[in-house]
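Hi,

Here is the structure I said I would pass on. Have a look at it first, and my notes follow below.

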Amino acid sequence: MRYARDLFDDFPDPDVFLWNAIIRCHSRHNLFRDALGLYSKMQLLWVSPDSFTFTCVLKACSALPSLEMGRRVQCQILRRGFDSDVFVQNGLVTFYAKCGEIELANKVFWRLSERTIVTWTSMISGYVQNGQPLEALRVYGQMRKTNMKPEWITFVSVLKACGQVGSIDLAKWMDEYIASSEFKDAVVVNTALIDMYAKCGSINLSRDVFNRTKDKDVVMWSAMIAAYAVHGEGQEAIDLFKAMRKAGVPPNDVTFVSLLSACKHSGLVEDGWKLFHCMSEYSIQPRHQHYACVVDLLGRAGYLDRAYEFIRNMPMEPGLSIWGALLTACKIHQHVPLGELAAERLFSLDPYSTGHHVQLSNIYASARMWDRVSKLRVLMKEKGLSKDLGYSSIEINGKLQVFQVGDKSHPRFKEIFEELESLERRLKEAGFSIDAESVLHDLDHEETEETLCNHSERIAIAYGLISTPPGTTLRIIKNLRACVNCHAAIKLISKVENREIVVRDANRFHHFKDGNCSCGDYW
(Lines give C-alpha, C1' and ligand atoms only; values in the text may rest on other atoms or scores of the structure.)
Protein backbone atom coordinates (compact mmCIF):
# COMPACT_ATOMS: atom_id res chain seq x y z
CA MET A 1 0.00 0.00 0.00
CA ARG A 2 2.88 2.37 0.73
CA TYR A 3 4.27 1.94 -2.78
CA ALA A 4 0.78 2.28 -4.29
CA ARG A 5 0.23 5.52 -2.38
CA ASP A 6 3.67 6.86 -3.41
CA LEU A 7 2.88 6.11 -7.05
CA PHE A 8 -0.47 7.86 -6.76
CA ASP A 9 1.01 10.91 -5.06
CA ASP A 10 3.56 11.26 -7.90
CA PHE A 11 0.79 11.85 -10.44
CA PRO A 12 0.47 15.63 -10.98
CA ASP A 13 -3.22 15.58 -11.89
CA PRO A 14 -4.90 12.19 -11.22
CA ASP A 15 -8.24 11.64 -12.90
CA VAL A 16 -11.33 10.01 -11.36
CA PHE A 17 -10.17 6.55 -12.51
CA LEU A 18 -6.97 6.86 -10.45
CA TRP A 19 -8.83 8.29 -7.45
CA ASN A 20 -11.22 5.32 -7.58
CA ALA A 21 -8.28 2.91 -7.76
CA ILE A 22 -6.51 4.32 -4.70
CA ILE A 23 -9.75 4.58 -2.66
CA ARG A 24 -10.66 1.00 -3.56
CA CYS A 25 -7.15 -0.23 -2.62
CA HIS A 26 -7.43 1.34 0.82
CA SER A 27 -10.86 -0.26 1.36
CA ARG A 28 -9.53 -3.67 0.33
CA HIS A 29 -6.84 -3.38 3.00
CA ASN A 30 -9.42 -2.33 5.64
CA LEU A 31 -8.02 1.21 5.72
CA PHE A 32 -11.50 2.64 5.62
CA ARG A 33 -10.81 5.97 7.34
CA ASP A 34 -7.95 6.60 4.92
CA ALA A 35 -10.30 5.77 2.04
CA LEU A 36 -12.79 8.36 3.27
CA GLY A 37 -9.98 10.88 3.78
CA LEU A 38 -8.95 10.43 0.15
CA TYR A 39 -12.55 10.93 -0.95
CA SER A 40 -12.69 14.22 0.96
CA LYS A 41 -9.39 15.32 -0.60
CA MET A 42 -10.73 14.39 -4.03
CA GLN A 43 -13.70 16.72 -3.51
CA LEU A 44 -11.45 19.59 -2.39
CA LEU A 45 -9.55 19.23 -5.68
CA TRP A 46 -12.83 19.46 -7.62
CA VAL A 47 -12.55 15.98 -9.15
CA SER A 48 -16.07 14.82 -10.04
CA PRO A 49 -16.88 11.38 -8.53
CA ASP A 50 -18.66 8.72 -10.56
CA SER A 51 -20.79 5.70 -9.61
CA PHE A 52 -17.70 3.60 -8.83
CA THR A 53 -16.44 6.29 -6.45
CA PHE A 54 -19.72 6.32 -4.54
CA THR A 55 -19.84 2.51 -4.40
CA CYS A 56 -16.34 2.33 -2.85
CA VAL A 57 -17.01 5.17 -0.41
CA LEU A 58 -20.32 3.66 0.73
CA LYS A 59 -18.50 0.37 1.34
CA ALA A 60 -16.03 2.19 3.59
CA CYS A 61 -18.89 3.95 5.43
CA SER A 62 -20.58 0.55 5.94
CA ALA A 63 -17.42 -1.08 7.29
CA LEU A 64 -16.65 1.54 9.93
CA PRO A 65 -19.71 2.12 10.22
CA SER A 66 -20.09 5.89 9.79
CA LEU A 67 -23.75 6.89 9.55
CA GLU A 68 -23.04 10.62 9.43
CA MET A 69 -20.52 10.34 6.58
CA GLY A 70 -22.77 7.96 4.67
CA ARG A 71 -25.68 10.37 4.84
CA ARG A 72 -23.47 13.15 3.47
CA VAL A 73 -22.43 10.83 0.65
CA GLN A 74 -26.08 10.06 -0.12
CA CYS A 75 -26.79 13.81 -0.43
CA GLN A 76 -23.96 14.06 -2.96
CA ILE A 77 -25.31 11.03 -4.81
CA LEU A 78 -28.70 12.73 -5.14
CA ARG A 79 -27.15 16.06 -6.11
CA ARG A 80 -25.10 14.47 -8.89
CA GLY A 81 -27.93 12.28 -10.20
CA PHE A 82 -26.51 8.83 -9.35
CA ASP A 83 -29.49 7.78 -7.21
CA SER A 84 -30.84 5.55 -10.01
CA ASP A 85 -27.56 3.69 -10.55
CA VAL A 86 -28.08 0.05 -9.49
CA PHE A 87 -24.58 -0.33 -7.97
CA VAL A 88 -24.94 2.84 -5.96
CA GLN A 89 -28.40 1.76 -4.78
CA ASN A 90 -26.97 -1.60 -3.68
CA GLY A 91 -24.30 0.26 -1.74
CA LEU A 92 -26.92 2.39 0.00
CA VAL A 93 -28.94 -0.69 1.05
CA THR A 94 -25.82 -2.34 2.51
CA PHE A 95 -24.71 0.89 4.17
CA TYR A 96 -27.99 1.56 5.99
CA ALA A 97 -28.40 -2.09 6.99
CA LYS A 98 -24.91 -2.29 8.51
CA CYS A 99 -25.45 0.99 10.35
CA GLY A 100 -28.57 -0.45 12.01
CA GLU A 101 -30.92 1.81 10.01
CA ILE A 102 -32.88 -1.18 8.71
CA GLU A 103 -36.05 0.79 7.91
CA LEU A 104 -34.09 3.23 5.73
CA ALA A 105 -32.41 0.27 4.04
CA ASN A 106 -35.85 -1.23 3.44
CA LYS A 107 -37.15 2.01 1.87
CA VAL A 108 -34.19 2.23 -0.51
CA PHE A 109 -34.52 -1.48 -1.31
CA TRP A 110 -38.15 -1.32 -2.39
CA ARG A 111 -37.53 1.82 -4.46
CA LEU A 112 -34.95 0.00 -6.56
CA SER A 113 -35.79 -0.34 -10.23
CA GLU A 114 -33.57 -3.42 -10.46
CA ARG A 115 -32.51 -5.78 -7.68
CA THR A 116 -29.44 -7.96 -8.04
CA ILE A 117 -28.54 -10.95 -5.89
CA VAL A 118 -26.16 -8.60 -4.03
CA THR A 119 -29.08 -6.30 -3.14
CA TRP A 120 -31.29 -9.15 -1.97
CA THR A 121 -28.47 -10.63 0.09
CA SER A 122 -27.65 -7.22 1.62
CA MET A 123 -31.26 -6.81 2.73
CA ILE A 124 -31.44 -10.34 4.17
CA SER A 125 -28.10 -9.88 5.94
CA GLY A 126 -29.21 -6.49 7.27
CA TYR A 127 -32.26 -7.97 8.95
CA VAL A 128 -30.12 -10.77 10.44
CA GLN A 129 -27.54 -8.30 11.80
CA ASN A 130 -30.33 -6.23 13.36
CA GLY A 131 -31.92 -9.23 15.12
CA GLN A 132 -34.95 -9.57 12.85
CA PRO A 133 -34.58 -13.12 11.47
CA LEU A 134 -38.24 -13.55 10.55
CA GLU A 135 -38.07 -10.46 8.34
CA ALA A 136 -34.87 -11.84 6.80
CA LEU A 137 -36.65 -15.09 5.95
CA ARG A 138 -39.62 -13.16 4.57
CA VAL A 139 -37.33 -11.24 2.20
CA TYR A 140 -35.66 -14.51 1.20
CA GLY A 141 -39.08 -15.95 0.37
CA GLN A 142 -39.84 -12.92 -1.80
CA MET A 143 -36.49 -13.33 -3.52
CA ARG A 144 -37.26 -16.94 -4.40
CA LYS A 145 -40.50 -15.86 -6.06
CA THR A 146 -38.45 -13.76 -8.49
CA ASN A 147 -36.45 -16.89 -9.50
CA MET A 148 -33.27 -15.08 -8.46
CA LYS A 149 -30.50 -17.64 -8.03
CA PRO A 150 -28.89 -17.44 -4.56
CA GLU A 151 -25.13 -17.20 -4.11
CA TRP A 152 -23.21 -18.90 -1.31
CA ILE A 153 -23.23 -15.71 0.78
CA THR A 154 -27.04 -15.59 0.45
CA PHE A 155 -27.26 -19.07 1.94
CA VAL A 156 -24.93 -18.08 4.77
CA SER A 157 -27.19 -15.13 5.69
CA VAL A 158 -30.35 -17.26 5.50
CA LEU A 159 -28.78 -19.99 7.64
CA LYS A 160 -27.89 -17.37 10.27
CA ALA A 161 -31.54 -16.28 10.27
CA CYS A 162 -32.67 -19.89 10.74
CA GLY A 163 -30.27 -20.21 13.67
CA GLN A 164 -31.67 -17.07 15.30
CA VAL A 165 -35.24 -18.34 14.91
CA GLY A 166 -34.23 -21.75 16.29
CA SER A 167 -36.60 -23.76 14.06
CA ILE A 168 -35.24 -27.29 13.58
CA ASP A 169 -37.80 -28.03 10.84
CA LEU A 170 -36.78 -24.94 8.89
CA ALA A 171 -33.13 -25.85 9.46
CA LYS A 172 -33.64 -29.31 7.96
CA TRP A 173 -35.53 -27.86 5.01
CA MET A 174 -32.68 -25.44 4.27
CA ASP A 175 -30.14 -28.26 4.55
CA GLU A 176 -32.08 -30.34 1.99
CA TYR A 177 -32.47 -27.33 -0.31
CA ILE A 178 -28.73 -26.56 -0.21
CA ALA A 179 -27.95 -30.24 -0.85
CA SER A 180 -29.50 -29.86 -4.31
CA SER A 181 -27.54 -26.69 -5.08
CA GLU A 182 -24.05 -26.12 -6.47
CA PHE A 183 -22.88 -24.99 -3.02
CA LYS A 184 -23.53 -28.29 -1.22
CA ASP A 185 -19.78 -28.91 -0.82
CA ALA A 186 -18.79 -25.31 -0.07
CA VAL A 187 -16.91 -25.23 3.24
CA VAL A 188 -18.26 -21.80 4.19
CA VAL A 189 -21.87 -22.93 3.63
CA ASN A 190 -21.39 -26.17 5.58
CA THR A 191 -19.77 -24.18 8.38
CA ALA A 192 -22.92 -22.02 8.50
CA LEU A 193 -25.00 -25.24 8.58
CA ILE A 194 -23.02 -26.45 11.61
CA ASP A 195 -23.65 -23.17 13.42
CA MET A 196 -27.35 -23.18 12.44
CA TYR A 197 -28.03 -26.71 13.69
CA ALA A 198 -26.19 -25.97 16.93
CA LYS A 199 -28.35 -22.89 17.53
CA CYS A 200 -31.47 -24.91 16.69
CA GLY A 201 -30.60 -27.34 19.48
CA SER A 202 -29.21 -30.33 17.56
CA ILE A 203 -25.52 -30.91 18.20
CA ASN A 204 -25.80 -34.33 16.50
CA LEU A 205 -26.92 -32.81 13.20
CA SER A 206 -24.08 -30.28 13.48
CA ARG A 207 -21.64 -33.15 13.81
CA ASP A 208 -23.23 -34.95 10.84
CA VAL A 209 -22.52 -31.92 8.63
CA PHE A 210 -18.99 -31.70 10.03
CA ASN A 211 -18.30 -35.40 9.37
CA ARG A 212 -19.59 -35.34 5.79
CA THR A 213 -17.46 -32.32 4.77
CA LYS A 214 -14.19 -33.44 3.21
CA ASP A 215 -11.91 -30.41 3.21
CA LYS A 216 -12.26 -28.82 6.63
CA ASP A 217 -10.53 -25.52 7.29
CA VAL A 218 -9.74 -23.93 10.65
CA VAL A 219 -13.03 -21.99 10.59
CA MET A 220 -15.08 -25.19 10.33
CA TRP A 221 -13.12 -26.92 13.10
CA SER A 222 -13.60 -23.85 15.29
CA ALA A 223 -17.34 -23.73 14.50
CA MET A 224 -17.79 -27.34 15.57
CA ILE A 225 -15.85 -26.72 18.78
CA ALA A 226 -18.04 -23.65 19.40
CA ALA A 227 -21.14 -25.81 18.83
CA TYR A 228 -19.99 -28.19 21.56
CA ALA A 229 -19.26 -25.20 23.78
CA VAL A 230 -22.76 -23.70 23.61
CA HIS A 231 -24.24 -27.13 24.39
CA GLY A 232 -21.95 -27.51 27.42
CA GLU A 233 -20.05 -30.51 26.06
CA GLY A 234 -16.60 -29.38 27.10
CA GLN A 235 -14.81 -32.70 26.91
CA GLU A 236 -16.08 -33.30 23.38
CA ALA A 237 -14.74 -29.86 22.41
CA ILE A 238 -11.31 -30.70 23.84
CA ASP A 239 -11.30 -34.11 22.11
CA LEU A 240 -12.14 -32.43 18.81
CA PHE A 241 -9.30 -29.96 19.33
CA LYS A 242 -6.92 -32.89 19.75
CA ALA A 243 -8.26 -34.41 16.51
CA MET A 244 -7.78 -31.03 14.82
CA ARG A 245 -4.13 -30.93 15.83
CA LYS A 246 -3.69 -34.54 14.70
CA ALA A 247 -5.14 -33.57 11.30
CA GLY A 248 -2.46 -30.91 11.01
CA VAL A 249 -4.81 -27.92 11.08
CA PRO A 250 -3.24 -25.11 13.14
CA PRO A 251 -5.73 -23.34 15.46
CA ASN A 252 -6.32 -19.60 15.40
CA ASP A 253 -7.42 -17.15 18.08
CA VAL A 254 -11.12 -17.95 17.46
CA THR A 255 -10.45 -21.65 18.07
CA PHE A 256 -9.18 -20.81 21.55
CA VAL A 257 -12.16 -18.57 22.30
CA SER A 258 -14.41 -21.56 21.48
CA LEU A 259 -12.29 -23.92 23.58
CA LEU A 260 -12.23 -21.62 26.59
CA SER A 261 -16.00 -21.10 26.27
CA ALA A 262 -16.48 -24.88 26.25
CA CYS A 263 -14.39 -25.22 29.40
CA LYS A 264 -16.21 -22.43 31.26
CA HIS A 265 -19.64 -23.93 30.47
CA SER A 266 -18.51 -27.37 31.69
CA GLY A 267 -16.51 -26.34 34.75
CA LEU A 268 -13.23 -27.68 33.29
CA VAL A 269 -11.09 -25.15 35.13
CA GLU A 270 -7.68 -26.79 34.89
CA ASP A 271 -8.18 -27.78 31.25
CA GLY A 272 -9.16 -24.23 30.38
CA TRP A 273 -6.21 -22.82 32.31
CA LYS A 274 -3.79 -25.07 30.40
CA LEU A 275 -5.36 -24.21 27.04
CA PHE A 276 -5.05 -20.50 27.74
CA HIS A 277 -1.36 -20.84 28.50
CA CYS A 278 -0.66 -23.04 25.46
CA MET A 279 -1.78 -20.29 23.04
CA SER A 280 1.81 -19.05 22.91
CA GLU A 281 2.82 -22.37 21.30
CA TYR A 282 0.93 -21.19 18.22
CA SER A 283 2.21 -17.59 18.45
CA ILE A 284 -1.28 -16.39 19.33
CA GLN A 285 -1.54 -13.34 21.56
CA PRO A 286 -4.59 -13.45 23.89
CA ARG A 287 -7.21 -10.79 23.25
CA HIS A 288 -9.79 -9.32 25.63
CA GLN A 289 -12.18 -12.13 24.67
CA HIS A 290 -9.73 -14.80 25.83
CA TYR A 291 -9.11 -13.02 29.14
CA ALA A 292 -12.87 -12.64 29.65
CA CYS A 293 -13.34 -16.38 29.11
CA VAL A 294 -10.71 -17.18 31.74
CA VAL A 295 -12.30 -14.77 34.24
CA ASP A 296 -15.66 -16.42 33.54
CA LEU A 297 -14.07 -19.88 33.84
CA LEU A 298 -12.58 -19.10 37.26
CA GLY A 299 -15.55 -17.07 38.50
CA ARG A 300 -18.25 -19.61 37.64
CA ALA A 301 -16.27 -22.28 39.49
CA GLY A 302 -16.18 -20.07 42.59
CA TYR A 303 -12.55 -18.96 42.35
CA LEU A 304 -13.48 -15.29 42.63
CA ASP A 305 -10.32 -14.09 44.34
CA ARG A 306 -8.22 -15.95 41.77
CA ALA A 307 -10.27 -14.36 38.97
CA TYR A 308 -9.75 -10.88 40.42
CA GLU A 309 -6.02 -11.48 40.80
CA PHE A 310 -5.93 -12.66 37.18
CA ILE A 311 -7.55 -9.37 36.11
CA ARG A 312 -5.07 -7.31 38.14
CA ASN A 313 -2.13 -9.06 36.42
CA MET A 314 -3.43 -8.62 32.88
CA PRO A 315 -0.98 -6.96 30.47
CA MET A 316 -3.77 -4.72 29.13
CA GLU A 317 -6.45 -2.52 30.65
CA PRO A 318 -9.52 -4.69 31.43
CA GLY A 319 -12.59 -3.70 29.46
CA LEU A 320 -16.34 -4.30 29.62
CA SER A 321 -16.18 -8.02 28.85
CA ILE A 322 -13.65 -8.66 31.66
CA TRP A 323 -15.50 -6.81 34.41
CA GLY A 324 -18.82 -8.13 33.07
CA ALA A 325 -17.60 -11.72 33.49
CA LEU A 326 -16.53 -10.99 37.07
CA LEU A 327 -19.87 -9.32 37.87
CA THR A 328 -21.76 -12.36 36.54
CA ALA A 329 -19.65 -14.65 38.71
CA CYS A 330 -20.36 -12.47 41.76
CA LYS A 331 -24.09 -12.73 41.03
CA ILE A 332 -23.90 -16.54 40.81
CA HIS A 333 -21.98 -16.80 44.10
CA GLN A 334 -23.65 -13.78 45.80
CA HIS A 335 -20.34 -12.01 46.49
CA VAL A 336 -21.39 -8.45 47.32
CA PRO A 337 -18.04 -6.58 47.85
CA LEU A 338 -16.38 -7.87 44.69
CA GLY A 339 -19.64 -7.47 42.78
CA GLU A 340 -19.77 -3.81 43.80
CA LEU A 341 -16.18 -3.32 42.67
CA ALA A 342 -16.86 -4.89 39.26
CA ALA A 343 -20.07 -2.87 38.88
CA GLU A 344 -18.24 0.36 39.73
CA ARG A 345 -15.71 -0.31 36.94
CA LEU A 346 -18.53 -1.16 34.52
CA PHE A 347 -20.55 1.95 35.37
CA SER A 348 -17.51 4.12 34.65
CA LEU A 349 -16.96 2.39 31.28
CA ASP A 350 -20.63 2.15 30.26
CA PRO A 351 -22.89 4.16 32.60
CA TYR A 352 -26.08 3.48 30.60
CA SER A 353 -25.98 -0.32 30.37
CA THR A 354 -29.20 -1.75 31.78
CA GLY A 355 -27.74 -5.24 32.19
CA HIS A 356 -24.96 -4.25 34.57
CA HIS A 357 -27.35 -2.33 36.82
CA VAL A 358 -29.74 -5.30 36.89
CA GLN A 359 -26.88 -7.69 37.74
CA LEU A 360 -25.85 -5.60 40.74
CA SER A 361 -29.49 -5.26 41.80
CA ASN A 362 -29.82 -9.06 41.69
CA ILE A 363 -26.70 -9.44 43.87
CA TYR A 364 -28.21 -7.06 46.45
CA ALA A 365 -31.58 -8.82 46.28
CA SER A 366 -30.00 -12.25 46.80
CA ALA A 367 -28.35 -10.85 49.93
CA ARG A 368 -31.72 -9.34 51.03
CA MET A 369 -30.22 -5.86 50.91
CA TRP A 370 -33.50 -4.26 49.85
CA ASP A 371 -32.45 -0.70 50.69
CA ARG A 372 -29.60 -0.91 48.16
CA VAL A 373 -31.95 -2.51 45.61
CA SER A 374 -34.29 0.47 46.01
CA LYS A 375 -31.46 3.01 45.64
CA LEU A 376 -30.22 1.26 42.50
CA ARG A 377 -33.70 1.25 40.98
CA VAL A 378 -34.00 4.96 41.66
CA LEU A 379 -30.62 5.47 39.95
CA MET A 380 -31.79 3.43 36.94
CA LYS A 381 -34.98 5.49 36.73
CA GLU A 382 -32.96 8.72 36.81
CA LYS A 383 -30.82 7.41 33.96
CA GLY A 384 -33.91 6.34 32.01
CA LEU A 385 -32.97 2.64 32.15
CA SER A 386 -35.48 -0.21 32.24
CA LYS A 387 -35.00 -3.95 32.58
CA ASP A 388 -35.13 -6.03 29.40
CA LEU A 389 -38.46 -7.79 29.00
CA GLY A 390 -38.15 -11.56 29.16
CA TYR A 391 -39.81 -13.73 26.55
CA SER A 392 -39.76 -17.32 25.32
CA SER A 393 -40.70 -18.77 21.97
CA ILE A 394 -41.73 -22.21 20.77
CA GLU A 395 -42.44 -23.46 17.26
CA ILE A 396 -45.53 -25.61 16.77
CA ASN A 397 -46.52 -26.88 13.30
CA GLY A 398 -44.27 -24.38 11.59
CA LYS A 399 -45.63 -21.38 13.52
CA LEU A 400 -43.57 -19.49 16.06
CA GLN A 401 -45.40 -18.57 19.28
CA VAL A 402 -43.88 -16.00 21.64
CA PHE A 403 -44.83 -15.61 25.32
CA GLN A 404 -43.95 -13.09 28.02
CA VAL A 405 -44.22 -13.53 31.78
CA GLY A 406 -47.87 -13.99 32.79
CA ASP A 407 -48.89 -13.71 29.13
CA LYS A 408 -52.64 -14.10 28.53
CA SER A 409 -52.77 -12.73 25.00
CA HIS A 410 -52.82 -16.12 23.25
CA PRO A 411 -56.23 -17.32 21.97
CA ARG A 412 -55.78 -20.54 23.98
CA PHE A 413 -54.60 -18.84 27.18
CA LYS A 414 -57.31 -20.50 29.31
CA GLU A 415 -56.14 -23.97 28.25
CA ILE A 416 -52.52 -22.93 28.74
CA PHE A 417 -53.07 -21.72 32.31
CA GLU A 418 -55.18 -24.78 33.14
CA GLU A 419 -52.25 -26.88 32.01
CA LEU A 420 -49.91 -24.73 34.12
CA GLU A 421 -52.05 -25.30 37.21
CA SER A 422 -52.20 -29.01 36.48
CA LEU A 423 -48.42 -29.10 36.06
CA GLU A 424 -47.87 -27.33 39.37
CA ARG A 425 -50.07 -29.85 41.18
CA ARG A 426 -48.17 -32.78 39.67
CA LEU A 427 -44.81 -31.17 40.44
CA LYS A 428 -45.78 -30.65 44.09
CA GLU A 429 -46.98 -34.25 44.30
CA ALA A 430 -43.56 -35.28 42.99
CA GLY A 431 -41.92 -33.31 45.80
CA PHE A 432 -41.10 -30.06 44.04
CA SER A 433 -40.96 -26.85 46.08
CA ILE A 434 -40.23 -23.34 44.88
CA ASP A 435 -36.85 -21.73 45.34
CA ALA A 436 -37.67 -18.26 46.68
CA GLU A 437 -34.12 -17.14 45.80
CA SER A 438 -35.23 -17.13 42.16
CA VAL A 439 -37.45 -14.10 42.71
CA LEU A 440 -35.29 -11.06 43.23
CA HIS A 441 -38.01 -8.84 44.68
CA ASP A 442 -39.31 -8.37 48.20
CA LEU A 443 -42.52 -10.43 47.77
CA ASP A 444 -44.56 -12.55 50.12
CA HIS A 445 -44.77 -16.33 49.61
CA GLU A 446 -48.01 -16.31 47.60
CA GLU A 447 -46.78 -13.61 45.22
CA THR A 448 -43.45 -15.41 44.87
CA GLU A 449 -45.11 -18.69 43.88
CA GLU A 450 -47.38 -17.04 41.33
CA THR A 451 -44.52 -15.07 39.76
CA LEU A 452 -42.28 -18.09 39.36
CA CYS A 453 -45.00 -20.30 37.89
CA ASN A 454 -45.83 -17.73 35.23
CA HIS A 455 -42.35 -17.27 33.78
CA SER A 456 -42.36 -17.19 29.98
CA GLU A 457 -40.60 -20.53 29.50
CA ARG A 458 -43.14 -22.30 31.74
CA ILE A 459 -45.99 -20.82 29.67
CA ALA A 460 -44.26 -21.90 26.44
CA ILE A 461 -43.83 -25.42 27.78
CA ALA A 462 -47.49 -25.60 28.84
CA TYR A 463 -48.54 -24.52 25.35
CA GLY A 464 -46.22 -27.14 23.85
CA LEU A 465 -47.72 -29.87 26.04
CA ILE A 466 -51.30 -29.15 24.96
CA SER A 467 -50.36 -28.68 21.29
CA THR A 468 -48.21 -31.75 20.53
CA PRO A 469 -48.61 -35.53 20.84
CA PRO A 470 -47.13 -37.24 23.94
CA GLY A 471 -43.40 -37.83 23.67
CA THR A 472 -42.74 -34.94 21.25
CA THR A 473 -39.55 -33.01 21.98
CA LEU A 474 -40.24 -29.39 22.95
CA ARG A 475 -37.75 -26.72 21.84
CA ILE A 476 -37.85 -23.38 23.68
CA ILE A 477 -35.82 -20.21 23.06
CA LYS A 478 -35.51 -17.72 25.92
CA ASN A 479 -33.87 -14.30 25.56
CA LEU A 480 -32.66 -14.16 29.18
CA ARG A 481 -30.78 -16.55 31.45
CA ALA A 482 -32.97 -19.29 32.91
CA CYS A 483 -33.68 -18.82 36.63
CA VAL A 484 -32.81 -21.47 39.20
CA ASN A 485 -36.45 -22.26 39.98
CA CYS A 486 -37.55 -22.73 36.37
CA HIS A 487 -34.47 -24.84 35.69
CA ALA A 488 -35.34 -27.17 38.56
CA ALA A 489 -39.02 -27.24 37.54
CA ILE A 490 -38.27 -28.11 33.90
CA LYS A 491 -36.04 -30.97 34.99
CA LEU A 492 -38.95 -32.48 36.87
CA ILE A 493 -41.43 -31.69 34.07
CA SER A 494 -39.28 -33.69 31.65
CA LYS A 495 -39.60 -36.68 33.99
CA VAL A 496 -43.28 -36.27 34.89
CA GLU A 497 -44.31 -35.73 31.24
CA ASN A 498 -41.77 -38.18 29.80
CA ARG A 499 -40.59 -35.50 27.37
CA GLU A 500 -37.27 -34.20 26.18
CA ILE A 501 -37.23 -30.41 26.53
CA VAL A 502 -34.50 -28.35 24.89
CA VAL A 503 -34.12 -24.76 26.14
CA ARG A 504 -31.79 -22.20 24.61
CA ASP A 505 -31.30 -19.32 27.02
CA ALA A 506 -29.05 -16.25 26.70
CA ASN A 507 -25.95 -18.25 27.66
CA ARG A 508 -26.25 -21.80 26.39
CA PHE A 509 -28.42 -24.86 25.69
CA HIS A 510 -30.08 -27.01 28.32
CA HIS A 511 -31.21 -30.51 27.32
CA PHE A 512 -33.73 -31.76 29.89
CA LYS A 513 -34.55 -35.48 29.95
CA ASP A 514 -35.68 -37.96 32.61
CA GLY A 515 -35.35 -35.36 35.36
CA ASN A 516 -31.80 -34.33 34.47
CA CYS A 517 -30.20 -31.48 32.53
CA SER A 518 -27.17 -31.69 30.26
CA CYS A 519 -25.59 -28.73 32.09
CA GLY A 520 -25.35 -30.71 35.32
CA ASP A 521 -26.82 -27.67 37.13
CA TYR A 522 -23.72 -25.69 36.13
CA TRP A 523 -24.58 -22.66 34.03
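**The sheet, its helix and the cysteines**

Helix H26 (residues 456-467) lies across S1, S2, strand S3 (474-478) and S4, and runs at about 15° to S1. Helices (H or I, at least four residues) and strands (E, at least two) are DSSP runs, numbered from the N terminus. The angle is one between N-to-C directions, on a scale from 0 to 180 degrees, with axes as lines fitted to C-alpha atoms, for helices over the stretch in contact; contact means heavy atoms within 4.5 Å.

Before you read on: this is a predicted model, so local features need pLDDT of at least 70 and side-chain atom pairs count only at pLDDT 80 or more, while totals for chains, interfaces and linings use all residues. Residues are numbered from 1 along each chain as its sequence is written, and side-chain values use heavy atoms, with hydrogens and water left out.

Now the sheet. It is open, has six strands in the order S2-S1-S3-S4-S5-S6, and its pairing is mixed. S2 (399-404) and S6 sit at the edges, each pairing on one side only. Two strands count as paired if DSSP finds at least two bridges between them.

At the S2 end, strand S1 (residues 391-396) runs antiparallel to S2, with six bridges joining them. Ser392 stands opposite Phe403 in S2.

Towards the other end, S4 (residues 501-504) and S5 are antiparallel and joined by four bridges. Val503 has His510 in S5 as its bridge partner, and the two strands make a hairpin with four residues between them. S5 (residues 509-513) is mostly covered, with four of its five residues buried; buried means under 20% relative accessible area, exposed over 50%, and partly exposed in between (1.4 Å probe, protein chains only).

S5 also pairs with S6 (residues 516-517), antiparallel again, through two bridges. That hairpin has two residues between its strands, and Asp514 in the turn has a positive phi of about 55°. Phe512 is bridged to Cys517 in S6.

Which brings me to the cysteines: how many disulfides are there? The count is zero, taking a disulfide as a pair of cysteine sulfur atoms within 2.5 Å. Cys517 is in no disulfide, and the nearest cysteine sulfur, that of Cys519, is 3.5 Å away. Cys517 counts as buried, at 11% relative accessibility. Cys278 is buried too, with a relative accessible area of 12%. Its closest cysteine sulfur, in Cys263, is 10 Å away, which is too far for a bond.

Cheers
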